[in-house]
Each structure stands twice: as C-alpha cells, then as structure tokens.
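Thanks for coming. I will go through one model this morning, chain by chain, and then look at a few single residues.

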Amino acid sequence: MRILISNLSQQPIYEQIVQQIRTMILQGELQEGAPLPSIRNLAKDLQISVITTKRAYEELEREGLIVTIASKGSFVAAQNKELLKERKLRIIEEKLIEVVKESRLLGLKEEEVQTMLEILFREVL
Amino acid sequence: MEKILEINNLNKSFQDFALKDISFSLEPGYIMGFIGPNGAGKSTTIKLIMNLLKKDSGEIKIFGKDHVRYEKEIKEDIGFVYDQNHFYDNLSITDMTKILAPFYKKWDQARYLHYIEQFELPKHRLIKEFSKGMVMKYSLAVALSHQARFIIMDEPTAGLDPIIRSELLDILYEIIQDETASILFSTHITKDLDKIADYITFINRGNMVFSRPKDEILESYRVVKGDKNILTGAIRKKLIGLKEHGVGFEAMLATKDWDNSLQERVLIEPPNLEDIMIYTVREDRQNKIDS
Amino acid sequence: MILKLIRKEILIRKKFLLSVVFYGLIAILASILGGPRLIEVVYIFSIIVFTYFFITTGAEIESKKNTGVIFASLPLRKREIVTAKYITAALLPLYSLLIMTVLGFAFTTLWAGIKFIGLNDSLIALLSTWFFLGLALPIIFIFSSTTARVINYIILFTIMFGPFERYIRATQPLDWEPILWFLAVFVFLLLSWLFSVWVYQKQDL
C-alpha cells in the first residue's frame with residue numbers, strides 16, 4: 001500500500017488520503033478483507049494528525065469502502081460487483097466532466113475533443 | 001474515558017499580567033499544541049497546571065482529579081519538560097538521574113538509557129557544560145522514562161536542531177500509539193505543530209483565542225492577498241489582521257465570511273498555524289489601538 | 001520519599017560535607033594561635049558555623065537554577081520537601097559534632113595544650129545550632145538566597161556573640177537542666193517547620 005501526501009496541494013490532507021485509498025480499492029489493488037494500517041500508525045507514518053487520518057477513515061466508511069471493527073482495526077469492505085461498477089463509472093464521468101470544462105476554457109469544439117478521444121483509444125494500450 | 005486534562009475558568013493575576021478565564025480540555029490519545037506569542041501566558045498556564053504557581057480561581061483536573069488535592073499521585077504519571085534548565089548544573093546527568101529516578105514508581109532505566117544513547121548525551125560530563133539543546137534532550141529522556149500518561153512540554157523544540165526536532169516528533173507519535181497517553185506541547189514555533197498536532201489551543205495576552213481541532217482551524221481561514229482598491233468598508237470589516245503595503249494588501253479571512261465578489265480579484269492561500277497566529281495577534285493589536 | 005530527599009540534600013553537598021574535616025582542622029589550628037579565649041569556644045562555634053554554611057550553600061545551589069521547580073514537579077508532597085530539608089539540616093550539627101570530636105581527640109592526644117570537647121560544649125553546640133535552624137530555615141523559604149544569607153548571617157552572629165556566648169561562659173560548670181532546654185528547642189523547631197510548610201505550600205515557584 002502506498003499513500004503520498006503533498007503539503008503544497010490545495011486539497012485537504014484527509015481528502016488526499018480518501019482519494020488514494022478509494023482508488024486503490026476500486027482498482028482492485030486492495031482486495032476485500034485486506035487490513036489497513038491503524039489510524040494512529042498511519043498518522044505516524046505520514047507525520048500528520050490522528051484526527052486527520054480518523055476523518056479520512058470515517059469518510060471511507062461512509063462510502064462503504066472500508067469497515068472498522070473495534071480493537072481489530074479497519075479492513076477493505078466486501079464490494080457489491082454492480083455497485084463497484086457503478087462507482088467506477090461515476091469516477092470516469094467525473095474525469096470527463098473535468099475534460100469538458102477544460103475544453104470549454106480553451107474554446108475546443110465537441111468534435112475536436114471526440115477526435116482526440118478516438119486517437120487516444122487507439123494509441124493508449 | 002476520562003479526560004487527561006480539564007481546565008475551567010482559570011485565573012491568575014500578577015502585578016503586570018493576568019491570565020483570564022482560561023478553559024480547555026484534552027482527551028486521551030491526542031497531541032495538543034499550545035500556541036501564542038511570547039508573553040501570552042503559555043508558561044504561566046503550564047506552571048499553574050503543575051501547581052508550581054497557585055491559581056487565584058478556577059478548576060484544573062488531571063486524569064479527572066483535582067490537581068492540588070491529588071498532586072502526588074497525579075505527578076507519578078506526568079512527564080514534564082520545561083523551557084529552562086532547572087537541574088543541578090554541577091552534577092552529571094548520571095548523578096542527576098540517580099537523584100530523580102527513585103521518586104518514580106514506574107521508572108524504566110532501560111528506556112532511559114536508550115534515549116540517552118539515541119540523543120547522544122555524554123553521561124559523565126557536568127550539566128553546566130551542556131548546550132541548551134542537550135539539556136532539553138536530557139529533560140525529555142527523563143520525562144519519557146517513567147511511563148507517563150500526560151507529557152507536558154514547555155517550548156521543547158527551542159534550541160533543538162531540525163534533525164532532533166524531527167526525531168522528537170517521531171517519539172511523540174510513538175507515545176500516542178498507546179491511546180491512553182496525551183501530550184501538551186507549548187511553542188511559539190508553530191511549524192512543528194502544523195504536522196503533528198491534533199488540537200490547537202491559542203492564547204494571547206492572557207486570554208483564550210480558541211481551542212479546537214487543528215484541521216478545523218486550518219479550514220476555517222484563508223490568507224487573501226490583492227490590490228488595495230478592492231478594500232471597501234464592508235470588506236475591511238471582515239478581514240483579520242489587514243496589512244496594507246506599497247503594492248497591495250494581505251489579510252486573513254474566515255471562510256464563513258467569504259464574499260463571492262472577491263472571486264478572481266484576490267489570491268487565496270490556505271494558512272498555516274503561524275499565519276493564523278500572526279494575523280490574529282495583529283488584528284488584536286489594531287483593535288486595542290482603535291479602542 | 002523523605003529518605004530519598006535527604007539523600008539528595010546530602011548528594012548535592014558532597015563536597016562541602018567532605019571539606020568540613022578540613023575546615024575543622026583550620027578552626028582548631030586558628031584557635032591555638034588565637035589563644036585561650038578562642039580555644040574555649042572553638043567547638044561550639046565550628047558546629048554552628050558549619051551548619052550555617054551547610055544551609056546557605058544548599059540554598060544557593062538550589063536558587064541558581066531554581067531546582068525547586070523540578071522537585072515540585074515530581075510525585076512529592078510539598079510537605080515532604082520541607083521536612084527533608086529540616087531533617088538534613090538538623091542532622092548536620094550531629095555530623096559536625098562527630099567530626100569535631102574526632103579532630104579534638106586527635107589534637108589532645110598529640111598535644112595537651114588544647115582542651116577536649118566536653119559534654120557541656122556538645123550540648124550547648126547542639127542546642128544553639130538547632131535554635132539557629134529554627135530561625136534560619138523559614139527565612140530561607142521566604143526570601144531569595146542572597147537576602148536570606150545576609151539575614152541569617154546577622155542571626156548567626158547574634159547567637160554566637162550575644163547572650164549565648166555570655167551564657168556559655170557564665171554557666172560553666174554545668175548547673176542547668178538540659179532536658180528542658182532540649183524540649184523547648186524541639187518545640188521551637190516543630191513550630192518553625194509548620195510555618196515553613198505553610199509558607200512553601202502557598203508560594204509561587
């Protein structure tokens with residue numbers, strides 16, 4: 001497991017943690033039942049506040065991605081296949097929204113972006 | 001679980017300074033940064049907690065017990081680091097420890113020697129030949145070697161080089177891995193706390209400013225910089241610690257006071273604790289001059 | 001706890017306690033040179049003066065770094081801290097008496113020109129020193145070490161050259177009731193101790 005925190009980022013630290021763990025779970029890098037570091041241990045490793053890691057884990061629990069069992073620790077939750085797919089789709093959608101926004105800023109036309117996408121689909125393996 | 005520290009409406013006045021209605025508390029398992037400019041009353045508060053100074057009024061409870069009535073048993077579980085050298089300086093640390101260690105029931109000599117080794121302290125040189133940082137490290141070694149549940153540190157990082165400071169932070173994380181221990185860490189160098197602190201208690205001129213989770217504080221404020229011509233009366237009122245200079249202004253703004261008219265007209269940056277301290281103290285001084 | 005504190009009081013003044021032997025030697029030699037008037041009082045004076053130096057050096061060592069802060073932060077009651085200081089100080093005249101007896105014995109065997117410390121001398125030395133401590137220790141708790149040193153210096157000299165010395169000379173040989181005197185001094189020390197505990201508990205360190 002690998003988490004990298006940037007102190008220079010505009011994004012709050014807890015969000016950086018949530019995002020990275022979420023990605024690892026959704027991409028299957030972290031399998032169902034895999035243990036996560038304890039809140040305090042993660043705080044120590046990342047040199048951040050316990051409250052920050054706690055908040056990140058609480059957020060992940062709310063999203064149903066992890067479960068915390070008292071005195072045992074936190075684990076990757078069992079994932080519903082359909083739900084998982086839906087979540088992944090949502091992530092793609094979010095990223096595409098970014099692309100659309102950026103394109104508008106640059107004044108790119110829909111067709112131009114579509115062409116770009118087509119080329120990328122062929123080139124990126 | 002009972003609180004490690006609970007202070008309610010603490011007051012203490014001296015001829016030229018008064019600590020007024022200080023209240024805050026600390027739960028087990030956390031690190032609290034205690035900040036404020038020099039002379040804000042941090043050391044006074046710590047001395048009151050330790051009953052080195054007599055409070056005028058208010059309540060201080062440590063591990064849920066009155067700090068004077070249960071002084072002896074409470075202090076068994078407190079590790080303290082003061083900002084000055086109070087050791088007999090014509091002794092070596094080995095002799096000093098021989099005096100101090102027997103007072104603690106849970107003294108852990110192996111752990112003490114481990115820290116002395118880690119901090120590279122000379123065991124037989126006299127304390128008077130020590131640098132400020134070395135005295136601090138010795139103080140820490142003693143504070144951490146009797147299984148204290150509450151570590152009180154007054155300006156521990158002053159006089160320590162960055163490497164030792166970073167080692168100290170690792171040790172502090174190690175302490176709170178055990179969820180029953182807490183740390184109160186006073187400093188005017190807030191950089192160390194930007195990372196490690198869970199809670200921040202901020203006092204200024206003897207008064208409480210706030211005592212809140214650090215993340216919450218950092219999210220509540222933004223540093224804004226911009227052109228002076230956008231400073232209308234309404235905006236000025238919202239800005240904290242406004243400083244105008246030749247080519248613009250800088251100030252702090254509470255996120256709840258965010259004004260959409262400022263969008264794209266100012267540069268916005270997340271603050272660190274130092275910014276929050278500087279802008280708040282500046283605002284306080286400006287108000288004092290105005291009134 | 002009190003024993004550990006007493007051990008500390010002794011440890012920090014190790015050098016002084018060892019040098020008492022040397023000072024005792026000097027005192028006896030000086031009294032030989034100074035003539036019969038000094039020989040008469042050398043034992044009593046040495047014992048009370050050593051005690052004075054014992055408590056003053058201690059106060060100086062502790063005030064230099066305000067070490068009281070450390071001990072007040074340890075799991076100790078303030079009462080225990082005061083008590084340990086009283087007991088150690090009260091033991092000092094006994095220690096000095098022992099040293100002076102040994103030295104006196106050595107001298108009188110080597111050379112008959114000097115008188116040996118008598119029972120009367122010993123009792124008066126102990127009584128006057130303990131009486132001195134009853135006054136001097138609260139002063140050390142109340143005032144800064146420099147002020148306390150000056151005040152105690154005045155008290156010391158008043159006791160040495162005031163009524164006590166005259167009393168020493170007038171009452172020889174022994175015709176008084178030492179038990180009553182010891183009882184009185186003991187009660188005085190007890191009151192002095194209570195007062196110091198009260199002062200120390202109220203004090204800002």
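Of the 125 residues in chain A, 29% are buried, where buried means under 20% relative accessible area, exposed means over 50%, and partly exposed is in between, with a 1.4 Å probe and protein chains only. Before going on, the ground rules: this is a predicted model, in which local features need pLDDT of at least 70 and side-chain atom pairs count only at pLDDT 80 or more, while totals for chains, interfaces and linings use all residues. Residues are numbered from 1 along each chain as its sequence is written, chains are lettered from A and ligands numbered from 1 in the order in which they are written, and side-chain values use heavy atoms, with hydrogens and water left out.

Staying with chain A, its secondary structure comes to 5 helices and 2 strands. Helices (H or I, at least four residues) and strands (E, at least two) are DSSP runs, numbered from the N terminus. The order of elements, starting at the N terminus, is α-α-α-β-β-α-α. The radius of gyration of chain A is 18 Å, whereas a compact globule of 125 residues would have one near 14 Å. That radius is taken over C-alpha atoms, and the globule rule is 2.2 Å times the number of residues to the power 0.38. Along the principal axes, the C-alpha atoms of chain A fill a box of roughly 55 × 35 × 25 Å.

Chain A exposes about 8,900 Å², and carbon and sulfur atoms supply 55% of that; accessible areas come from the Shrake-Rupley method with a 1.4 Å probe, and for residues only the protein chains shown count as cover. Chain A has 18 positive and 19 negative charges, with mean positions 6 Å apart. Lys and Arg count as positive and Asp and Glu as negative, while His and the chain ends are not counted. Each charge is placed at NZ of Lys, CZ of Arg, CG of Asp or CD of Glu.

Now chain C. What is its secondary structure made of? There are 9 helices and 0 strands. Its radius of gyration is 18 Å, close to the 17 Å that the globule rule gives for 205 residues, so chain C is as compact as a globular protein of that length. In chain C, 51% of the 205 residues are buried. Its accessible surface is about 9,900 Å², with 76% belonging to carbon and sulfur atoms. The side chains of chain C include 18 positive and 10 negative ones, and the centres of these two sets lie 11 Å apart.

Contacts within the chains come next, a contact being heavy atoms within 4.5 Å. Taking residues at least 6 apart in sequence, 84% of the contacts in chain C join residues at least 24 apart. For chain A, that share is 48%.

Which chains share the most contacts? Of the 2 pairs of chains in contact, it is B and C. There, 25 residues of chain B are in contact with 29 residues of chain C. The area buried between them is about 2,700 Å², of which 62% comes from carbon and sulfur atoms; buried area is the accessible area (1.4 Å probe) that two parts lose on being put together, summed over both. Lys72(B), Tyr88(B) and Phe103(B) supply 30% of what chain B buries against chain C, more than any other three residues.

On the other pair, chains B and A bury about 1,500 Å² between them, 44% of it from carbon and sulfur atoms. Here Tyr173(B), Gln177(B) and Asp215(B) supply 33% of the area that chain B buries against chain A, more than any other three residues. No contact joins chain A and chain C, and their closest C-alpha atoms lie 29 Å apart.

Finally, some single residues. Ser71(A) sits in the loop between strand E1 (66-69) and strand E2 (73-76) of chain A. Its phi is positive, about 60°, although it is not a glycine, and at 84% relative accessibility Ser71(A) counts as exposed.

Is Thr190(B) buried or exposed? Thr190(B) has 1% relative accessibility, so it counts as buried. It lies in the loop between strand E8 (182-187) and helix H7 (191-196) of chain B. Neighbours within four places in sequence aside, Thr190(B) is in contact with Ile35(B), Leu273(B), Glu274(B) and Met277(B).
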